[in-house]
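Here is a quick look at charged side chains and who pairs with whom. Have the structure open as you read.

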Amino acid sequence: MRAPMSPSRPRPLAALLVLLTLTLVAAGLLAAPPAAAAPPPPELRFGSFAPVNAAKYQSLRFADDGRTFFVAGQWRCQIGPRPGSVACQGRPATAPPRTKGVAITNDLQGPLWVPPGTTYRFGSQAGFRAPVLKVGQRITVAGTVCAVPRRNVVSCATNNRAFILSRAWHKFYYPKGDRRHNANPAPKYLPPHLR
């Protein structure tokens, strides 16, 4: 029988978590939350959505480079191939004219609108048929999560960035002080809980 750890000695896992948290705070990657920080909107509360088996949504074909694909109403989305990369094809009413979709790249930039005339490609290059992600479901792949909160609404998040898309509006989230993203619409175009 093992002797219990001494109360004065920190447990290895707890000590590691404390050290990791202090390191992230010191590096500026993790900020202490403000005293009255607002909870995330329902569209980004991913724990309230039912998980799906992500393997069924991943194309194993070489041309798709390991990407995961899904359809959510009017949106055609893909996760990968690199961690922190997610994109959805489609255009909310608040997007610039002729926009092809929105993308977050490697959790380093975005959400950014994908304009026409770029080399960015949406969807399978090998003919993989993307399964439907239904209302109330979520998919998680390599730290990126997407969900379908309501009909014709899709939300996706990486570690530091997120977007919510509907036919009528969009809402982007990014780190404070970041300049590698596109703007949100004027609050009057957003639902009250996102203003």
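Predicted model: local features only at pLDDT ≥ 70, side-chain atom pairs only at ≥ 80, totals over all residues.

What follows covers the ground rules, then the salt bridges, then one more arginine.

## Ground rules

Residues are numbered from 1 along each chain as its sequence is written, and side-chain values use heavy atoms, with hydrogens and water left out.

Side chains of opposite charge can pair when their charged atoms come close. Here a salt bridge is taken as a side-chain nitrogen of Lys or Arg within 4 Å of a carboxyl oxygen of Asp or Glu. By that rule the count is 4 salt bridges.

## Asp65 and Arg82

One of the salt bridges pairs Asp65 with Arg82, at 3.3 Å from N to O. Asp65 sits in the loop between β1 (50-51) and β2 (68-72), and Arg82 in the loop between β3 (75-79) and β4 (86-89), so the pair ties together parts 17 residues apart in sequence. Strands here are DSSP runs (E, at least two residues), numbered from the N terminus.

How exposed are these two side chains? Asp65 is partly exposed, with a relative accessible area of 38%, and Arg82 is also partly exposed, at 45%. For reference, buried means under 20% relative accessible area, exposed means over 50%, and partly exposed is in between (1.4 Å probe, protein chains only).

Arg161 forms a salt bridge with Asp178, and their closest N and O atoms are 2.8 Å apart. This pair links distant parts of the chain: Arg161 is in the loop between β9 (154-157) and β10 (162-165), while Asp178 is in the segment after β11 (170-173), 17 residues apart. Arg161 counts as buried at 3% relative accessibility, and Asp178 counts as buried at 12%.

Asp178 also has a salt bridge to Arg180, with the closest N and O atoms 3.6 Å apart. Arg180 counts as partly exposed, at 45% relative accessibility. Through shared partners, salt bridges join Arg161, Asp178 and Arg180 into one network.

Arg67 lies in the loop between β1 and β2. It is partly exposed, with a relative accessible area of 22%.

Which residues does Arg67 touch, leaving aside neighbours within four places in sequence? Its contacts (heavy atoms within 4.5 Å) are Tyr57, Gln58, Ser59, Gln78, Ile79, Gly80 and Pro81. Arg67 and Pro81 are 14 residues apart in sequence, yet 4.9 Å apart in space, C-alpha to C-alpha.

Technical notes:
Helix = DSSP H or I, 4+ residues; strand = E, 2+ residues; numbered from the N terminus.
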